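Please examine the pockets and the chain contacts of the model shown below.

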Amino acid sequence: MTYRSPLSKALGLGATGHGTRAWWHQRATALAIIPLIFWFAGAIACLPGLEYTQVKRWLATPWNNLLLLTFISIVTYHTILGLQIVIEDYIHNERIKTASLLGMKGIFLFLGLTAFHAALRIIFTN
Amino acid sequence: MHERPLSPHLQIYRLPLTALLSISHRATGVVLSMGLIGWVGFLMAVAGGESHYTTAQAILSSWLGRLFLWAWIYALFFHLCHGVRHLFWDAVQGLDRDTLERHAQLELGVSVGLTVMTMIFAAANG
C-alpha cells in the first residue's frame, strides 16, 4: 500500500527521486576535476606578465585546448550542482528559490558556453 | 506566518575546527564560482585579439589583480583538500574524532603547501 496522500503528490511534497543521481554526479565531477586542478592552477599562476602571442600559442596547442574544453565542461556542471545545494539550503521562499535556481543555472550554463566558444575561437582562428 | 524565535547558537558556541572547515568549504565554493566569471572574461579577451588581451593582462598584473589571483588559487586548493576528505567520508573512512582532528590540521597544511608550491612553479616559469 502506498503511504503517500494524493494531496501530497499534487503539492509536489516528498522525495524527488533525483537525489542519488545528483550525489553521484557531484562526486564523479569532483574526481575528474582533481587532476585538472593541478594543470589549471599551474597555468593561471604563470599568467601575469605573459605576452599575447605566448598565451595564444599555448591555448591553441591541441592538448592544452582539449584540457581547457574538458575543464570548462566538467567545472561548469560541478559548479551548478554545488550552487544548487547552497541556494536550496538558504532560500526557503518557493518563488524566490525557483527564480534563483533557474537564474543561476541559466547564467552558469551560458558562462560555460561562452568559455567553450572562446576556447574554440582561439584554436580555430588566426 | 511570523518567524518563530530561534534560540541563539552561532553567537554562543565556539565552533569546532571541523565545523569551521565545513563552512569554509562552502564559502570557497561560492568564491570560486564568482571567480570563474573573471576567468571567462579573461578567456574572451584572449579570443578577442591583442588589444583586448592587453587590457585584461593589465588588470590581472595589477597588485589587486594578483591579490585576487592568489586568493582564488588558495580557495581552489582549500576546496580541493577539503573536498578530498568528503570523498573519503563518502567511502565511510576516517570518521572517528581523532582522525578528523588530525586530518583537519593536515588539510590546512596541505592547502597552504600546494599554494606555495604553485608560487614557486610560477616564479620558476615566469
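This is a predicted model: local features need pLDDT of at least 70, side-chain atom pairs count only at pLDDT 80 or more; totals for chains, interfaces and linings use all residues.

Residues are numbered from 1 along each chain as its sequence is written, chains are lettered from A in the order in which they are written, and side-chain values use heavy atoms, without hydrogens and water.

Q: What volume does the largest pocket have, and how is that volume defined?
A: The space in the largest pocket is about 1,400 Å³. A volume is the space filled by probe spheres set on the grid points, which are joined across faces, edges and corners.

Q: Which residues of the lining lie nearest the centre of the largest pocket?
A: Of its 49 lining residues, Q26(A), H78(A), L81(A), G82(A) and I85(A) lie nearest the centre. The element that gives the most is α4(A), with 13 residues; a helix is a DSSP run (H or I) of at least four residues, numbered from the N terminus.

Q: What makes a lining residue nonpolar, polar or charged, and how many of each line the second largest pocket?
A: Ala, Val, Leu, Ile, Met, Phe, Trp, Tyr, Cys and Pro count as nonpolar, Asp, Glu, Lys and Arg as charged, and the others, Gly among them, as polar. By that rule the second largest pocket, of about 610 Å³, is lined by 24 nonpolar, 5 polar and no charged residues. The lining of the largest pocket has 25 nonpolar, 16 polar and 8 charged residues.

Q: How many residues of chain A are said to be in contact with chain B, and on what criterion?
A: Contact means heavy atoms within 4.5 Å, and 38 residues of chain A are in contact with 38 residues of chain B.

Q: What area do chain A and chain B bury between them, and why is it called buried?
A: The two chains bury about 3,100 Å², 80% of it on carbon and sulfur atoms. The area is called buried because it is accessible area (1.4 Å probe) that two parts lose on being put together, summed over both. In chain A, I37(A), P48(A) and Y52(A) lose the most area to chain B, together 19% of what that side buries.

How values were computed
On a 1 Å grid over the protein atoms alone, a cavity is a set of points where a 1.4 Å probe fits but cannot get out, and a pocket is an open set with protein on both sides within 12 Å along at least five of seven lines; lining residues have an atom within 4 Å of a point. Helices (H or I, at least four residues) and strands (E, at least two) are DSSP runs, numbered from the N terminus.
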